[in-house]
Amino acid sequence: MTSIRHNDGVLDAARDCVLAYGVRRTTLTDVARRAGVSRMTIYRRWPDVRTLVADLMTREWVGVVEELDLADPVRAVVEGVRGLRSHPLWRKIVEADPELLLPYLLDRRGASHEAILEVLERAVGDPGRARAVLLVAQSFLLSAPTMLGPVTMDELDAELTALLEAYLG
């Protein structure tokens, strides 16, 4: 039996609730109702919405990375940044609940970081380089919108490509 912590029906319901209401206004009761399971079933696995959303974010972000063609690591990283930047859940969290991302930026790596680092280490062949690439990509993901005008997002992505090509050779 698959653990409910990785139950796509529950995670899909959580995604729908977050997209509709934002993280702060989503309750485990809302998620249980949408998933068609009891509230206690969810409470046994997730003590709160933040834990459930953390699992959801991991599923969604890793899903974006898993779709990338790693034969060209530079292109894969740039496409990954674009994919995350346009992902509906990412956009909703950044717009409505950006404080949810702070622990992953300032205090600790999350499961998504670990999974992405594993992929990057295989792609670039070195743990230190993988971490540097992730830090650069994360910067372009989070802060690129603040650097728009007079340049466009496409121009910034071209700069990310140039940085990575120079670094990764």
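Just after α8, G125 takes a positive phi of about 80 degrees. The model is predicted.

**Helix α8**
- S112, H113, I116, L117, V119, L120 and V124 are buried in α8.
- These residues lie on the same side of α8, because they cover an arc of only 165 degrees around the axis.
- The face turned away from the buried side carries E118 and R122, both exposed.
- The buried residues of α8 pack against α4 (49-66), α5 (73-86), α7 (102-106), α9 (127-143) and α10 (153-168).

- D157 lies in helix α10.
- D157 counts as buried because its relative accessibility is 1%, and the cut-off for buried is under 20%.
- Leaving out residues up to four places away in sequence, D157 touches V78, R82 and R85.
- With R82, the D157 side chain makes a side-chain polar contact at 2.8 Å.
- With R85, D157 forms a salt bridge, the closest N and O atoms being 3.0 Å apart.
- R85 lies in helix α5 and D157 in helix α10, so this pair ties together parts 72 residues apart in sequence.
- Both R85 and D157 are buried.

**Other salt bridges**
- Side chains of opposite charge can pair when their charged atoms come close.
- The count of salt bridges comes to 15.
- D8 and R59 meet through their side chains in one of them, at 3.1 Å from N to O.
- That pair links distant parts of the chain: D8 sits in helix α1 (residues 8-21) and R59 in helix α4, 51 residues apart.
- D8 counts as partly exposed at 45% relative accessibility, and R59 is also partly exposed, with a relative accessible area of 21%.
- E79 forms a salt bridge with R75, and their closest N and O atoms are 2.6 Å apart.
- E79 and R75 are separated by about one helical turn, because they are four residues apart in helix α5.
- E79 counts as partly exposed at 31% relative accessibility, whereas R75 counts as exposed at 53%.

**Network**
- Salt bridges that share partners join D8, D12, R15, D16, R59 and E60 into one network.

Technical notes:
Residues are numbered from 1 along each chain as its sequence is written. This is a predicted model: local features need pLDDT of at least 70, side-chain atom pairs count only at pLDDT 80 or more; totals for chains, interfaces and linings use all residues. Side-chain values use heavy atoms; hydrogens and water are left out. Buried means under 20% relative accessible area, exposed over 50%, partly exposed in between (1.4 Å probe, protein chains only). Helices (H or I, at least four residues) and strands (E, at least two) are DSSP runs, numbered from the N terminus. The arc is that of the directions from the helix axis to the C-beta atoms. Contact means heavy atoms within 4.5 Å. A polar contact is a pair of N or O atoms within 3.5 Å; within protein, one must be able to donate a hydrogen and the other to accept it, and residues adjacent in sequence count only if both atoms are side-chain atoms. A salt bridge is a side-chain nitrogen of Lys or Arg within 4 Å of a carboxyl oxygen of Asp or Glu.
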